[in-house]
Amino acid sequence: MNIIISNSSKKPIYEQIASQIKNLIISGHLKEGDALPSMRALAQELRISVITTKRAYEELERDGFIVTATGRGSFVAKKNLEFIREEQLRRVEDHLQKSVDIAKSSDISLDELMDILKTLYEEE
Amino acid sequence: MENILTIENLTKDYGEFILKEVSFQLPKGCIMGLVGENGAGKTTIIKLILNLIKKDGGSIQIFGLDNIENDPALKEGIGVVLDESNFHDNLKSTEVSKIMKNIYNKWDEALYFKYLNRFKLPADKKIKEFSKGMKIKLSIAAALSHKPQLLILDEPTSGLDPIVRNEILDIFLEFIQDEERAILFSSHITSDLDKIADYITFIHNGGLIFSQSKEEMLDYYGIIKCGTDQFQLIDKEDIVGYRRNSFGCEVLIRNKRENRLKYRDWVMDDANLEDIMLFHIRGEKN
Amino acid sequence: MKGLILKDIYNLRRSLNTFIIFILAYSIFSYATGNIAMLMVMSVFLMSSMAISSIVYDDLAKWDIYALTMPVTRRQMVLSKYILQLLLSLISALTAGFCALLVTSLRGDLIGLSTILDISLDAYIAFLASLVYLSVNLPLIYKFGVEHARLLMFGTLFIPIGIIYILDKMGVNLPSLEDLKGLLYLSPLLLGLVLILSISISYRIYRGKEM
């Protein structure tokens, strides 16, 4: 399993780790039940703070990609890709709904809203 | 006990210099970097933790116990490296072990020699023939060989070349694989801290500027680069410090995440530890 | 505390070698001249400052501040110096006494009971003197540091001698050796008291020291 972090990327390191692991799981490189390296071992290997790897793993668990059992480690969760995608889509919708509500109540046009969305999405 | 070290309102009055009400905690399993200029108070804090000098106020708890009431029993669990080798030049590394064996209950001679081997330190030469890097490695070997839970080091890597420094950082990372342990080390080599610190405690002029996880810290601060007229448009509340040059300004701002939208049309870079320190210490304030 | 004393012995290695060489040299000298008194005096002189030398080494290496980060109490730090000197003084007094006996017998002089008693007495006085010297000077060193205490140490050596000299010149009746013999029986007790006093003063000073 390869994890490559870029220090010059605008994306926070924990996000880089989380998305790379997500991709490995989605693409099938990491299969259901596979053990992930411990947060500490990963931090040591990559020479980053254990708090960063912890955050990455917490996000992965929150999004349903892995399960962490105290004392035993972290493992790839039972994969239901459809379900996961739906979950993510639902979360995006929730967040966007909030933004739309604020925009509508403060006289921010759809165009302005799309503008902001574009800027944020294109920020790498 | 979640925190291996708890410091509350620690105060020391030297007359001309006062360490004032410093508080922070070091959780188990973590490495904390104590940063600040020379004379900021880092060594004073370390000396107070180790009960080498008397505090004027506040409390220090190590392993959940008061550090003064439980001195010297607590010290069985603490490994210390001060910034110079404290062994007499005429001693050999083997003799160091014989001395330590009779001081620490859990001194592991085999482990000590394993470290000597790994650091390529000759067992038979006198310490006066060691280079600075070798002396520090010897001190670290001695600090690790009685199996401490807490490692405290005062500027362990200053004056060392990058190769040796990296070796030492690797040893720290290895030490911390056991979640029951922790490391506190003071340094002003910010690149070392960028690499391995989990928490950063920043001391300036005897006071605490902040103590937080490196993650949070890097998330929190940002540097805006702008022209001198645009500078006026920045919300004063957000500014920590700024630097002007003939072609514009660099401004360290706080709450980067929340302000991302506010300043989205501006050039905003991430700030590293060195930037954050420099702007706090040298940056002009309003 | 064993570790502390061991450390001092390692450091004093060279001094111990010097001691051995001196003893040999003075033994030869005594053999030639028949005067064994010098042997005893010199051995005291050499040995009495050993514990103080160990403090000089400690200062050079900044040992104390490091030692106090280990499970060592300040009491142990102070006590170890006294115990060190006790051991060294004992060993040197015995060695010097033994050499004196050897020299005497090699010279073909009779070793009667009185000879042995005389030599033992000399060795014992040497032992006492070195410990009194330490008891007076250690508190000074703890208070003022080795460098500044040096001057004071010369004082403690020469002031008593100076006073005796002046008193003698003034015609005051100084106690004779016979009178002093009485003190001899009390001496272990007196030494004990002097040591206890010295240790408590040294400890009180050291306890308050900021590293």
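Q: What is the relative accessible area of Glu167(B)?
A: First, the scale: buried is under 20% relative accessible area, exposed is over 50%, and partly exposed is in between (1.4 Å probe, protein chains only). Glu167(B) has 32%, so it is partly exposed. One thing to keep in mind is that this is a predicted model, where local features need pLDDT of at least 70 and side-chain atom pairs count only at pLDDT 80 or more, while totals for chains, interfaces and linings use all residues. As for the bookkeeping, residues are numbered from 1 along each chain as its sequence is written, chains are lettered from A and ligands numbered from 1 in the order in which they are written, and side-chain values use heavy atoms, with hydrogens and water left out.

Q: Which side chain meets that of Glu167(B) in a salt bridge?
A: A salt bridge is a side-chain nitrogen of Lys or Arg within 4 Å of a carboxyl oxygen of Asp or Glu. Here the partner is Lys137(B), at 3.2 Å from N to O. Lys137(B) lies in helix H4 (residues 132-144) of chain B and Glu167(B) in helix H5 of chain B, so the bridge ties together parts that are 30 residues apart in sequence. Lys137(B) itself is buried, with a relative accessible area of 9%.

Q: How many salt bridges does a search of the whole structure find?
A: Over all chains, 29. Another one in chain B joins Arg282(B) and Glu37(B), at 3.8 Å from N to O. That pair spans 245 residues: Arg282(B) is in the segment after helix H10 (273-281), and Glu37(B) is in the loop between strand S3 (31-35) and helix H1 (42-49) of chain B. Helices (H or I, at least four residues) and strands (E, at least two) are DSSP runs, numbered from the N terminus. Arg282(B) is exposed at 60% relative accessible area, whereas Glu37(B) is partly exposed at 28%. Over in chain A, Lys22(A), Glu59(A), Arg62(A), Asp63(A) and Arg91(A) are linked in a network of salt bridges.

Q: What does the secondary structure of chain B come to, and what of chain C?
A: Chain B has 10 helices and 14 strands, while chain C has eight helices and zero strands. Of the 286 residues in chain B, 55% are buried; for the 211 residues of chain C the figure is 40%. Along the principal axes, the C-alpha atoms of chain B fill a box of roughly 70 × 40 × 35 Å, and the C-alpha trace of chain C spans about 55 × 40 × 30 Å.

Q: How much area do chain C and chain B bury between them?
A: Buried area is the accessible area (1.4 Å probe) that two parts lose on being put together, summed over both. For these two chains that comes to about 2600 Å², 58% of it on carbon and sulfur atoms. Tyr66(C), Thr69(C) and Pro71(C) supply 25% of the area that chain C buries against chain B, more than any other three residues. Contact means heavy atoms within 4.5 Å, and this one takes 27 residues from chain C and 28 from chain B.

Q: How many salt bridges cross the interface of chain C and chain B?
A: Two. Lys12(B) pairs with Glu210(C), the closest N and O atoms being 2.7 Å apart. Glu95(B) meets Arg13(C) at 2.6 Å, N to O. Glu95(B) lies in helix H2 (residues 93-101) of chain B and Arg13(C) in helix H2 of chain C, so this bridge joins two chains. Glu95(B) is buried, at 7% relative accessible area, and Arg13(C) is partly exposed, at 29%.

Q: And how much do chain B and chain A bury between them?
A: About 1800 Å², 43% of it on carbon and sulfur atoms. Leu173(B), Gln177(B) and Glu215(B) supply 30% of the area that chain B buries against chain A, more than any other three residues. The rule finds four salt bridges across this interface; Arg40(A) and Glu179(B) meet in a salt bridge at 3.5 Å, N to O.

Q: Where is Asp198(B) found?
A: In the loop between helix H6 (190-196) and strand S9 (199-204) of chain B. Asp198(B) is buried yet has no salt bridge, and the nearest side chain of opposite charge, Arg40(A), is 5.7 Å away. For charge, Lys and Arg count as positive and Asp and Glu as negative; His and the chain ends are not counted. Not counting residues up to four places away in sequence, Asp198(B) touches residues including Ser49(A), Val50(A), Ile51(A) and Lys214(B).
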